[in-house]
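The entries follow the order in which I looked things up.

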Amino acid sequence: MPEGLIVKALSGYYYVKDDEALPGEASVQCRARGVFRIKGKSPLVGDRVTYVLTENGEGTVTEIHPRSTELIRPQVANVNLAVLVFSVKEPDLSLNLLDKFLVHIEHEGLDALICLTKMDLIDEDDTAAREAVENAKVLYTSIGYEVLETSSPQGVGADQLRERLQGEISVFSGQSGVGKSSLLNAMFPKLDLLTSEISLRLGRGRHTTRHVELVELGNGGYIADTPGFSQLDFLELGVEELGSCFREFAELSEGCKFRGCTHLHEPGCKVREALAAGEVAESRYKHYAAFYQEMKDKKRRY
């Protein structure tokens with residue numbers, strides 16, 4: 001039986017891109033077997049499925065393959081890469097917001113690629129801005145994240161990003177106004193018509209589509225057209241999970257004197273020892289402490 005990928009779900013129909021279909025070829029409109037509803041497991045956009053063709057040229061989804069990931073908001077399966085798009089100028093790079101996005105992505109178990117845009121806006125004599133970008137790149141690379149510098153007008157980084165997205169189901173997240181659409185147009189010119197319809201501003205702000213859809217890139221990759229991680233309010237994250245969402249804290253915490261160490265005041269805390277020794281960045285620890293307090297305050301209100 002044929003197999004494929006659900007690229008859109010709308011009004012009870014699932015649109016399946018067959019594995020044998022060519023790039024740009026139409027998907028097959030399918031219904032799902034009633035047994036999925038009985039079992040309480042409905043197909044999601046991003047699901048790999050088996051389906052059968054019916055007499056009217058449509059199809060029926062008969063099997064949902066195992067999922068590698070499943071996001072609750074937005075509801076999409078098998079996303080494996082989050083591209084965090086942050087500009088270095090207009091607006092300036094915000095490490096606080098970047099760390100907040102990274103917390104949510106770590107919690108969801110996704111890989112992250114930090115994409116620094118608008119590099120062309122840094123003047124040659126703006127040493128402070130260049131130093132800030134270089135320091136950020138060194139910091140996040142040392143933690144284990146991929147960092148890519150890009151410039152849409154100059155085409156810098158487009159080839160590397162295009163190659164990284166190949167064969168992946170990705171979400172784009174980040175600040176508003178950082179040039180996500182311009183970046184995608186530089187990589188995939190044929191998307192030009194789509195970017196007026198789909199909003200890839202996956203931070204706060206108006207989103208133009210109400211359903212989840214995978215946008216085909218033509219290189220075996222897809223971008224999930226969704227509001228993404230739009231509500232960065234920590235309500236779905238337990239305060240005790242926060243430390244594990246900071247990669248460099250997670251390994252250190254195994255050596256802390258107390259189980260469940262908050263890394264804020266306990267004696268024998270390996271995270272604070274590493275901070276004092278300069279082995280943990282002050283900015284990361286400062287953001288951790290602020291997020292921890294924000295989460296505690298919100299738990300009291302709800």
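The entries below cover conventions, cysteines and charged pairs.

**Conventions.** I worked on a predicted model, in which local features need pLDDT of at least 70, side-chain atom pairs count only at pLDDT 80 or more, and totals for chains, interfaces and linings use all residues. I numbered residues from 1 along each chain as its sequence is written, and my side-chain values use heavy atoms, with hydrogens and water left out.

**Cysteines.** I took a disulfide to be a pair of cysteine sulfur atoms within 2.5 Å. By this rule I counted zero disulfides. I then looked up cysteine 256, which is in no disulfide; its nearest cysteine sulfur belongs to cysteine 261, 4.0 Å away. Cysteine 256 is buried, at a relative accessible area of 11%. I found cysteine 269 in no disulfide either, the nearest cysteine sulfur being that of cysteine 261 at 3.8 Å. Cysteine 269 has 2% relative accessibility and counts as buried.

**Salt bridges.** My criterion was a side-chain nitrogen of Lys or Arg within 4 Å of a carboxyl oxygen of Asp or Glu. Searching the whole structure, I found 16 salt bridges. For their locations I used helices (H or I, at least four residues) and strands (E, at least two) as DSSP runs, numbered from the N terminus.

I looked up aspartate 126 and lysine 89, whose side chains form a salt bridge with an N to O distance of 3.3 Å. This pair links distant parts of the chain, 37 residues apart: aspartate 126 lies in the loop between strand E9 (111–117) and helix H3 (127–143), and lysine 89 in the loop between strand E8 (81–87) and helix H2 (95–108). Lysine 89 is partly exposed at 24% relative accessible area.

Next I noted arginine 164 with glutamate 146, their closest N and O atoms 3.0 Å apart in a salt bridge. Here too distant parts of the chain are linked, helix H4 (residues 158–165) holding arginine 164 and strand E10 (residues 146–149) holding glutamate 146, 18 residues apart. Arginine 164 is partly exposed at 21%, as is glutamate 146 at 34%.

What separates lysine 270 and glutamate 273 in helix H7 (residues 270–276)? They are three residues apart, and therefore about one helical turn. Their salt bridge has its closest N and O atoms 3.4 Å apart. Lysine 270 is partly exposed at 33%, and glutamate 273 is partly exposed at 42%.

Lastly, I recorded a network of salt bridges linking Glu3, Asp19 and Arg48.

Conventions: Buried means under 20% relative accessible area, exposed over 50%, partly exposed in between (1.4 Å probe, protein chains only).
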